[in-house]
Amino acid sequence: MKLSLGPVLYYWPEKSIMDFYDQALSSTADIIYLGETVCSKRRELKTRDWIELAKSLSQQGKEVVLSSLALLEAPSEIKILQQLCDNGELSVEANDVGAIQLLHEKKVPFTCGPAINCYNASVLKLFMNKGMQRWVMPVELSRDWLQQIVFDCQALGIRDQFEIEVFAHGFMPLAYSARCFTARSENKAKDDCELCCIKYPQGRATTTQEDQQVFILNGIQTQSGYCYNLINDLPSMQGLVDILRISPSSVQAFKILENFRKELQGEHTQYPHAHYECNGFWHKIAGLESVN
Amino acid sequence: MELLCPAGSLPALKMAIDCGADAVYIGLKDDTNARHFAGLNFNDKKIVKGAQYVKDHYKKLHIAINTFAHPGHEIRWRNAVDKCVDLGADVAIIADIATLDYAANKYPELELHLSVQASATNSAAIDFYQKNFNIKRVVLPRVLSIQQVKQLSRNTNIALEVFAFGSLCIMAEGRCYLSSYFTGESPNTVGACSPAKFVRWLETDNGLESRLNNILIDSYQSHEKTGYPTLCKGRYNVGGKLYHVIEEPTSLNTLSILPELMQANICSVKIEGRQRSVAYVEQITQVWRAAIDAYQASPAQYKVLDAWTSMLDNVSEGNQTTLGAYHRKWQ
């Protein structure tokens, strides 16, 4: 199994991003996804900066994939997508069906990202015919669901023609909205948000009236309140999963990456779940549950 | 402009037709349907009667097959498409790409509409579905502003349908896993959001609590109105402030922008609420029929009548309505 670093989902200042990817370069990550996937107003790095950064990491020996925006509404956002698709070198993670259409037209190979509704092998086959090389399973699906899909793909004779990646660690993107919840939390209009997401490099915690952390607000994206962690579930992934995704919240991601690496290399450390960690989706129960 | 009304039962279907709906949409009694609630929807016998009633009144029948086919069980979604054709329904509303593929190949004559659950919010996505499955219409997600709806209308040649009234889903539909995060069941997988079987109401010293799978959604004092604990409509804390972090309990109501929708060439206005009562269907159908007729009779004189507003407020969540994402300020 390979390890990937998912795109940074939060809005970080340019320097933090550059420092992060400096470290990513020397990390053991096999694949690096990068790009703005949440909000087109976030421009610490402009699209061409992301493409340049991606190319430079790629020239230094990493496999790099450009991640695209999940919720595409304005024509200007389609233009950004076109720019990514026209990068001429790197593959793209499609996070909207619109991206699949453009990538197919331009004959650019792509990864089907976790924000695309792909729930069965027939869809995978259709996407494969459009140029899909890798599929990141939607976060809400379980091991059972995946196993059935893998079985169906074998029957269709396509299992060896694309890779399967699973979101294995981090706060999960669970929803996308017209409304910016970070701006709303500061009583700002979305139109006049002053890019306030930059103040929350790990999003804004949302708790119930009993202090249970239920969501992390990240602009128009709502994330899980608990951190998904499948490190103890690696044995149940054998033969099903090709790549594990670590979704970074900070440079702590590199430490987590190392822990996963050691597990893959045969160490069997048990990592008891902290109270803010969960793995329910993998076990076909409520996502926020934790099975040790 | 077509008035497309919800029907979760045969009496609701008849009521919608009798009150002036141009078309109704319904679903089967299984998880191919994103309103898969106990006591709702059409079994084999009822659906035949419903289809006949619609036909007898020269109206249109849309069947929603709007969840995503489970691996190993695709046959259920295919059967739903077959049933649609056997019944002589006018339209299948489909979300899943595998199901669209099946329908487009097996029944090239069947009119396909792209379900809102497919979440096509841009011209490139619409292009994908149009080119691959020859869909004739897209139901637009409730995340677009009226400006964005107009832009799409100018930039695509496909018929566009919008949600005009009803419960307001604030997330891009079909791409929200909040319900399965809380309960293990989501619209995409089982056809229900915040399912009723996980709801508990508890009278406590702090007030009346609503819980979903034991997670506290809201707590009400005696003077406060209670609402169904849809998880995105709860009151939570952010930065020491307690408020409706995601959305207030409120309903979408676009009566005031009906002229703009007409001018943007929107071909159909859809009313949400297959889970609602026959009385609800009666009231919303009457009001929307009256509004569309009034506009078409005399566009320049169109105005929202107080009587319409109060009727709609009565059947709205929290007795309040909003223009939702159509209005930029709300965003």
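Colleague: What share of the residues in chain B is buried?

Modeller: Buried residues make up 53% of the 331 residues in chain B. A residue is buried if 20 or more other C-beta atoms lie within 10 Å of its own, exposed if 12 or fewer, and partly exposed in between, with C-beta atoms placed from the backbone. Keep in mind that this is a predicted model: local features need pLDDT of at least 70, side-chain atom pairs count only at pLDDT 80 or more, and totals for chains, interfaces and linings use all residues. Residues are numbered from 1 along each chain as its sequence is written, while chains are lettered from A and ligands numbered from 1 in the order in which they are written.

Colleague: What is the mean pLDDT of chain B?

Modeller: The mean is 94, and 100% of the residues of chain B reach 70 or more. pLDDT is the predictor's confidence in each residue, from 0 to 100. For the complex, the predictor gives an ipTM of 0.96 and a pTM of 0.95.

Colleague: How many helices and strands does chain B have?

Modeller: Chain B has 11 helices and 15 strands. Helices (H or I, at least four residues) and strands (E, at least two) are DSSP runs, numbered from the N terminus. Along the principal axes, the C-alpha atoms of chain B fill a box of roughly 60 × 55 × 40 Å.

Colleague: What radius of gyration does chain B have?

Modeller: 20 Å, which agrees with the value near 20 Å for a compact globule of 331 residues. The radius is taken over C-alpha atoms, and the globule rule is 2.2 Å times the number of residues to the power 0.38.

Colleague: Now chain A. What is its secondary structure?

Modeller: Chain A comes to 8 helices and 12 strands. Its radius of gyration is 18 Å, close to the 19 Å from the globule rule for 292 residues, so chain A is as compact as a globular protein of that length. Of those 292 residues, 50% count as buried. The C-alpha trace of chain A spans about 50 × 50 × 35 Å along its principal axes.

Colleague: Let's pick a helix. How many residues of α4 in chain A are buried?

Modeller: 8 of its 9 residues, so to speak mostly covered, in the helix at residues 97–105. Among the buried ones are A:V97, A:I100 and A:L103.

Colleague: What covers them?

Modeller: The cover includes α3 (75–85), β4 (91–94), β5 (110–112) and α5 (121–128) of chain A, together with α5 of chain B. After α4(A) comes A:K107, with a positive phi near 55 degrees.

Colleague: Switching to strands. Which strand holds A:L5?

Modeller: A:L5 is in β1 (residues 2–5) of chain A. It counts as buried because it has 27 C-beta neighbours inside 10 Å. Setting aside residues up to four places away in sequence, A:L5 touches several residues, including A:A24, A:I32 and A:I246.

Colleague: Which strand pairs with β1(A) over 4 bridges?

Modeller: Strand β11 (residues 243–246) of chain A, in the parallel sense. Two strands pair if DSSP finds at least two bridges between them. A:S4 stands opposite A:R245 in β11(A). β1(A) also pairs with β2 (residues 31–34) of chain A, in the parallel sense over 2 bridges. There, the bridge partner of A:S4 is A:I31.

Colleague: Last one. Which residues touch the most other members of the largest nonpolar core?

Modeller: A:V92, B:A16, B:V24, B:A92 and B:W288, out of 193 residues in that core. The largest share, 8 residues, comes from strand β7 (residues 163–176) of chain A. A nonpolar core is a set of buried Ala, Val, Leu, Ile, Met, Phe, Trp, Tyr and Cys residues joined through C-beta atoms within 7 Å.

How values were computed. Contact = placed C-beta atoms within 7 Å.
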